[in-house]
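The following note sets out several points on the model shown below. Each point may be checked against the sequence and the coordinates.

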Amino acid sequence: INPLFLTCDVSDSGYNLSNSGFTDFISKNEEKEKQKIINIIKYRLTQKNNMLEQITDSILVAKKDKAVLSLKYDTLTFKINCVQLLIIFLSTLITFIETLKLQYELDDKISIIIPIIFSTIIGLISAMQRFLRWDDKKENILTILERFSFIINKCRKIKHYIINFNINDEKNQEKWNDLVSNYENETYDYMITTRESFDNAMTYKELINYRKRLKNLYIEEKFL
C-alpha cells in the first residue's frame, strides 16, 4: 500500500465520509440493532404475559373442577353416612331386643323374627354398598381433590415467580427456559393426568347436575 494514499485527504477525491453516506450507514445499523433489541424485549414480554394468562386460566379451571368434584364428594359422603347410621341403628335395635328377651318374656315370634329381619336388612345394605363401591369412589375423589389443591398452589407459586421475574436480563434467560420447561413438561403433564382422573370420576349427567348446583350456590353467595 502506498504510504501517500494513507495521508491523502479523502475529501479531495470525492470520498468525504458525509458525502459517501458512511454516517447514514452507521446510523441505519444502529437503528437496526435498536429495533432488534426492541423486538426481542417485546417477544419476551409477550411470552411472559401469555404464560401468566395460561397459568391464570389453569388456576381458574382447576378451582371450578375442584368445586364441582367437592359437591359430588359431599353427596357421596352423605349417602355413606346415612347408610352407616342406619346400620348402627338396626344393630342397636337387635341388641335391644336381645336384651329384652333375656330380661322379659317376649313373644318368640318377635324375639326371633325381628332380629332376623334387621340382620337381613343390614347384610343387604352392606352388600349394596360394596357393590356400588362408594368407599372406593370416595377415596378416589379425595385423591383427585388433593391433586387439584396441589395444582392450584403450584400454579400460584409459579405465577408469583413469573410476575417478579426480570425476563429482559440476559443472565436470567437460562432460568427462564428452565421455568418454562418445568411448567410444560412436569406441571402441565400433572394437570392433564389429574384432568383425566376427574373425567373418569364424573359422568356427563353428574357434571351437568353439579355445575348447576355450583352455579346456584355462587348466585346465592353473591346475594348474601
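Is D135 buried, partly exposed or exposed?

1. D135 is partly exposed, because its relative accessible area is 41%. Buried here stands for a relative accessible area under 20%, exposed for over 50%, and partly exposed for values in between, with a 1.4 Å probe and protein chains only. The residue belongs to helix α5. When residues up to four places away in sequence are not counted, D135 touches I80 and Q129, where contact means heavy atoms within 4.5 Å. Between D135 and I80 there are 7.7 Å from C-alpha to C-alpha, although the two are 55 residues apart in sequence.

2. On the basis of the note: this is a predicted model, in which local features need pLDDT of at least 70 and side-chain atom pairs count only at pLDDT 80 or more, while totals for chains, interfaces and linings use all residues. Residues are numbered from 1 along each chain as its sequence is written, and side-chain values use heavy atoms, with hydrogens and water left out.

3. On the overall fold: the protein has seven helices and zero strands. Helices (H or I, at least four residues) and strands (E, at least two) are DSSP runs, numbered from the N terminus. Of the 224 residues, 25% count as buried. Among contacts between residues at least 6 apart in sequence, 81% join residues at least 24 apart. The protein exposes about 16700 Å², of which carbon and sulfur atoms supply 59%; these areas come from the Shrake-Rupley method with a 1.4 Å probe, and for residues only the protein chains shown count as cover.

4. On helix α6: its 29 residues (173-201) should span 42 Å at 1.5 Å a residue, and the end C-alpha atoms are 41 Å apart, which agrees. The expected span is 1.5 Å times one less than the number of residues. A bend of about 35° occurs in α6 at Y183, the bend being the angle between axes fitted to the seven residues ending at a position and the seven starting there. Y183 is also one of the buried residues of α6, which include W176, L179, V180, T187, M191, T194 and F198. An α-helix has 3.6 residues a turn, so residues three or four places apart point the same way.

5. On the nonpolar core: the largest one has 41 residues, and M51, I55, L69, I162, W176, F198 and M202 touch the most other members. Such a core is a set of buried Ala, Val, Leu, Ile, Met, Phe, Trp, Tyr and Cys residues joined through side-chain atoms within 4.5 Å. Helices α3 (22-103), α4 (108-132), α5 (134-163), α6 and α7 (204-223) each supply at least two residues of this core. The most come from α3, with 16 residues. With neighbours within four places in sequence left aside, I55 is in contact with C155, I158, K159, I162 and Y183.

6. On the salt bridges: the structure holds four, a salt bridge being a side-chain nitrogen of Lys or Arg within 4 Å of a carboxyl oxygen of Asp or Glu. One of them joins the side chains of R195 and D65 at 2.2 Å, N to O. This pair links distant parts of the chain, with R195 in helix α6 and D65 in helix α3, 130 residues apart. D65 is buried because its relative accessible area is 5%, whereas R195, at 28%, counts as partly exposed.

7. R195 also forms a salt bridge with D199, the closest N and O atoms being 3.5 Å apart. Both residues lie in α6, four residues apart, about one turn of the helix. D199 counts as partly exposed at 41% relative accessibility. Through shared partners, salt bridges join D65, R195 and D199 into one network.

8. A further salt bridge pairs K72 with E206, with 2.9 Å between the closest N and O atoms. K72 lies in helix α3 and E206 in helix α7, so the pair ties together parts that are 134 residues apart in sequence. K72 counts as buried at 10% relative accessibility, while E206, at 25%, counts as partly exposed.

9. Most residues other than glycine have a negative phi.
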